[in-house]
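Thanks for coming, everyone. Let me put the sequence and the model up, and then we'll walk through what is inside.

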Amino acid sequence: MEPHRCPWAKGDNYIQYHDTEWGAPVHDDRLLFEFLVLEGAQAGLSWSTILNKRDNYRQAFDNFEPAIVAQYGLEKRQALLSNPGIVRNRLKIDAAIQNAQAFLATVQDFATFDQYIWSFVGHRPLQNKWQTMQEVPARTPESDAMSVDLKRRGFKFVGSTICYAYMQAVGMVNDHVVDCFRHRELAGKRRGKAGS
C-alpha cells in the first residue's frame, strides 16, 4: 500500500524528491549552494521543470562547486546561455555566478554557509503542523529576514518567496502536511545531511 504523501507529490520525479529530499535537513555547503542556484533558476517556472533539468545543471555548473562557479568568465557564461539542458536566462546565469562569489565571502565570515543560513531558524528545523497545503505560507518573518540579509551580502534571486521555498527544500522548515508519512519521519530529525 502506498504511503500517504503531500498532495503535490505526483509523478516519479516529484515522488522521489518528496520522499528522499524535500524537507530533510541539509548541512552540506555544496548541496546548500546547489539548492540556492536551483531555487533561483525556478523563479517564474515550475519546480518540475528544474527537477527534470537537475542532472544537466550539475554537469553544466561543475557539480555546483562554489569555488569553481565563482571563477566563471565570459566564455563559460556564453556556453551556459547556449546549453539547452538548463534554463537559458542571462540574469539567472549571472546570478548563479555572483551568488557563488557571495557564498564564498559568507563562508569567510562564518566558517561554513551552513552555520550562517541555519541561524535564521536558530539552528533547528521549524516543525509546522499544517493540515492542508493551502495553509502553507509563501513567506514568513524568517524568510523575510533571510532575504534582506542575503541581498545585503550581494546575493541575487533571493526574494522572500524564493527564500521560503529554499527553507522548505533544505529542511529548515518541515512543511509536509501532518498526515504525510514524511512529516512524522522528519519531526524527529535534528541534524544530518539530506537523505541521512
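First, a term. A cavity here is a set of grid points where a 1.4 Å probe fits but cannot get out. And keep in mind that this is a predicted model.

So, how much space lies in the largest cavity? About 80 Å³. The count comes to one cavity of 30 Å³ or more. What lines the largest cavity? There are 14 residues, and the closest to its centre are Val37, Gly40, Ala41, Lys92 and Ala96. Helix 2 and helix 6 each supply at least two residues of that lining. Helix 6 gives the most, with five.

Now the largest pocket. Its space is about 390 Å³. The lining has 17 residues. Nearest the centre of the pocket lie Trp8, Trp22, Trp47, Ala165 and Gln168. Which helix gives the most to this lining? Helix 9, with six residues. Helix 1, helix 2 and helix 9 each supply at least two. The pocket lining is made up of 13 nonpolar residues, three polar ones and one charged one.

Hold on to Trp47, one of the residues nearest the pocket centre. We meet Trp47 again among the aromatic rings. How many aromatic pairs does a search of the whole structure find? The answer is 13. Take Tyr17 and Trp47: the ring centres are 5.7 Å apart and the planes sit at 45°, so this pair is tilted. Tyr17 lies in helix 1, residues 12–20, and Trp47 in helix 3, residues 47–60, so the pair ties together parts that are 30 residues apart in sequence. Are these two buried or exposed? Tyr17 has 3% relative accessibility, so Tyr17 counts as buried. Trp47 is at 11%, and buried means under 20%, so Trp47 is buried as well.

Next pair: Phe33 and Phe103. These rings are edge-to-face, 5.2 Å centre to centre, with 65° between the planes. Phe33 belongs to helix 2, residues 29–42, and Phe103 to helix 6, residues 90–110. The pair links parts of the chain 70 residues apart. Phe33 is buried, at 0% relative accessibility. Phe103 is buried too, with a relative accessible area of 2%. Remember that helix 2 and helix 6 both contribute to the lining of the largest cavity.

Phe33 and Phe103 also belong to one aromatic cluster. Who else is in there? Among the other members are Tyr57, Phe61, Phe64, Tyr72, Phe110 and Phe113. Tyr116, Phe120 and Phe155 are part of the cluster as well.

Last stop, helix 1. Which of its residues are buried? Tyr14, Tyr17, His18 and Asp19. What do the buried residues of helix 1 pack against? Helix 2, helix 3, helix 9, residues 160–169, and helix 10, residues 181–187. We have already seen one link to helix 3, through Tyr17 and Trp47. And helix 1 supplies residues to the lining of the largest pocket, as helix 2 and helix 9 do.

That's the tour. Questions, please.

Conventions
Residues are numbered from 1 along each chain as its sequence is written. This is a predicted model: local features need pLDDT of at least 70, side-chain atom pairs count only at pLDDT 80 or more; totals for chains, interfaces and linings use all residues. Side-chain values use heavy atoms; hydrogens and water are left out. Rings of Phe, Tyr and Trp (its six-membered ring) pair if their centres lie within 6.5 Å; planes under 30 degrees apart count as stacked, over 60 as edge-to-face and the rest as tilted. Helices (H or I, at least four residues) and strands (E, at least two) are DSSP runs, numbered from the N terminus. Buried means under 20% relative accessible area, exposed over 50%, partly exposed in between (1.4 Å probe, protein chains only). Contact means heavy atoms within 4.5 Å. On a 1 Å grid over the protein atoms alone, a cavity is a set of points where a 1.4 Å probe fits but cannot get out, and a pocket is an open set with protein on both sides within 12 Å along at least five of seven lines; lining residues have an atom within 4 Å of a point. Grid points are joined across faces, edges and corners, and a volume is the space filled by probe spheres set on the points. Ala, Val, Leu, Ile, Met, Phe, Trp, Tyr, Cys and Pro count as nonpolar, Asp, Glu, Lys and Arg as charged, and the others, Gly among them, as polar.
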